[in-house]
Amino acid sequence: MHPYSSRVSGLVIALTVLGWTSWSTAAAADPQGDAAPPQQPMPLQNQPRNPPQSQPPNQSLKQPQNPTPQQTQNQSPEPNPDQPYYLPPSISLQAHDFYARMLPIVVRQQAARPIARTAADFEARQRALQVGVEEKNAPFLKQMNVSATDMRMGDVGVVEIKPLQYQDDGTILIHVHGGGFVQDSARSAVRGAALMVQASGKRIISVDYTVAPRGRWPLVTDQLIAIYKALLAQGHPARSIGMFGDSAGGNIVAAGVLKLRDEGLELPGALVLMSPATDLGMGGDTFVTLRDADPVLNRTEELRAGIALYADPAYWKNPYVSPVYGDFSKPYPPVLIQAGTKERVLSDSVRLYQAIKTAGGDAELDIYEGMTHVFQAYMMDTPEQKAAYAEIRRFWQRRLMPAKHESPASQ
């Protein structure tokens with residue numbers, strides 16, 4: 001596989017969450033084709049916290065992609081008014097090159113995609129998205145040296161993802177995928193879990209929750225809790241269990257943990273939320289101010305339609321729907337929240353962080369310059385992606401308490 005094809009595939013799989021396109025059509029649109037030799041993905045472990053800040057040009061997508069240093073210094077920092085997706089000089093050269101190649105493809109395909117407004121529209125997209133996902137993801141999983149196995153746990157479907165040479169360190173992670181609450185599955189989103197496996201070396205249980213409109217918030221949060229209870233029943237101590245989710249999945253993790261806490265369950269050891277949507281009423285500042293900077297979340301009508309299928313507007317301030325309204329004066333696990341400065345729901349991360357810290361809780365807010373929504377999943381081999389996963393890895397190491405466990409039957 002051409003090295004850039006892996007990046008193309010990664011972005012397009014992530015964007016497929018919103019029904020934009022398929023990985024194969026975007027890969028075909030990559031101007032580099034498959035002429036270059038294969039390249040293994042760069043390891044995500046032990047990367048520096050702060051990526052080196054190269055100086056790519058202050059340019060729109062229509063300008064040259066490989067300027068000289070003198071051109072970089074002479075160009076004005078003002079964005080092109082005809083190009084909303086400004087590429088700042090403060091991101092790495094690798095990230096700049098990725099954006100410059102991919103954004104024109106994304107913009108063209110987005111323009112050609114009808115807006116989803118009804119349950120039938122979203123269900124049709126979901127059916128199309130699930131066609132052939134195992135075959136599409138197989139090369140990536142092989143490249144990452146991980147396995148993915150379907151199973152059931154707590155009467156809920158899951159996919160178990162782990163390294164081919166797995167060594168149990170006494171901890172385990174639960175993953176909840178994104179998809180605007182209406183799309184994707186544990187199988188079609190397996191790439192995000194595989195990247196976390198590569199970064200952490202841990203075994204991951206990815207929840208195949210029921211997406212809306214068939215699955216609404218009471219059912220979906222209960223499905224997450226059922227998986228957690230199943231792991232506890234297998235003998236995993238609560239503090240050895242971490243949970244992570246991206247976008248809508250970050251919402252479900254944050255809200256589901258509020259719910260399991262209120263039900264009297266022992267809290268998991270730590271949470272990682274990547275670009276979480278924490279206020280489904282979309283009341284944050286950046287939902288307005290960064291609308292045109294975010295190529296992933298700029299269709300307001302479609303976002304609201306999908307959210308309404310997951311939760312009626314009357315519930316949008318319920319903490320189990322919008323966790324930013326939760327009571328964090330009560331115990332809550334340590335949380336690492338990651339986001340980028342270009343994403344429309346940046347305020348959701350800031351507000352959740354402030355809600356937890358103001359109440360005396362343990363939260364870290366980790367923001368990345370010039371990055372878009374859930375950049376960790378598709379900005380392959382960029383310093384920004386490596387730094388984000390390095391911080392996550394350190395967070396798991398600091399916060400999860402490894403334990404050798406035995407099943408109740410063997411005790």
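This is a predicted model: local features need pLDDT of at least 70, side-chain atom pairs count only at pLDDT 80 or more; totals for chains, interfaces and linings use all residues.

Q: In what order do the strands of the open sheet of 8 strands lie?
A: The sheet is open and its pairing is mixed. Its edges are strand 1 (146–153) and strand 8 (363–368), each of which pairs on one side only. From one strand to the next, the twist averages 20°. Reading across, the order is 1-2-4-3-5-6-7-8.

Q: Over how many bridges do strand 1 and strand 2 pair?
A: These two strands make a hairpin, with 2 residues between them. Gly154 sits in that turn and has a positive phi of about 60°. Strand 1 and strand 2 run in the antiparallel sense, and the pairing covers 8 bridges.

Q: Why is strand 2 described as largely enclosed by the rest of the structure?
A: Buried here means under 20% relative accessible area. Strand 2 is largely enclosed because, of its 8 residues, the number buried is 7.

Q: Which residues have the most contacts inside the largest nonpolar core?
A: In soluble globular proteins, nonpolar side chains tend to be buried together. Here the largest such core has 78 residues. Apart from it lies another core of 27 residues, including Phe244 and Leu336. Back in the largest core, the residues with the most contacts are Ile174, Met243, Tyr310 and Tyr332.

Q: Which strands does helix 9 lie across?
A: Helix 9 covers residues 248–262 and runs at about 140° to strand 5. Leaving aside sequence neighbours within four places, the contacts of Met243 include Val253, Val257 and Leu260. The strands that helix 9 lies across are strand 3 (172–176), strand 5 (241–246) and strand 6 (270–274).

Q: How do helix 6 and helix 7 lie to each other, roughly parallel or roughly antiparallel?
A: The axes of helix 6 (residues 133–144) and helix 7 (residues 190–200) come within 10 Å and cross at roughly 0°. Among the residues making the contact are Phe140 and Leu141 of helix 6 and Ala194 and Leu195 of helix 7. The contact residues divide into 6 nonpolar, 2 polar and 2 charged. Angles under 35 degrees count as roughly parallel, so the two helices are roughly parallel.

Note on methods: Residues are numbered from 1 along each chain as its sequence is written. Side-chain values use heavy atoms; hydrogens and water are left out. Two strands pair if DSSP finds at least two bridges between them. Helices (H or I, at least four residues) and strands (E, at least two) are DSSP runs, numbered from the N terminus. Axes are lines fitted to C-alpha atoms, for helices over the stretch in contact, and angles run from 0 to 180 degrees between N-to-C directions. Contact means heavy atoms within 4.5 Å. A nonpolar core is a set of buried Ala, Val, Leu, Ile, Met, Phe, Trp, Tyr and Cys residues joined through side-chain atoms within 4.5 Å. Buried means under 20% relative accessible area, exposed over 50%, partly exposed in between (1.4 Å probe, protein chains only). Angles under 35 degrees count as roughly parallel, over 145 as roughly antiparallel, 65 to 115 as roughly perpendicular and the rest as oblique. Ala, Val, Leu, Ile, Met, Phe, Trp, Tyr, Cys and Pro count as nonpolar, Asp, Glu, Lys and Arg as charged, and the others, Gly among them, as polar.
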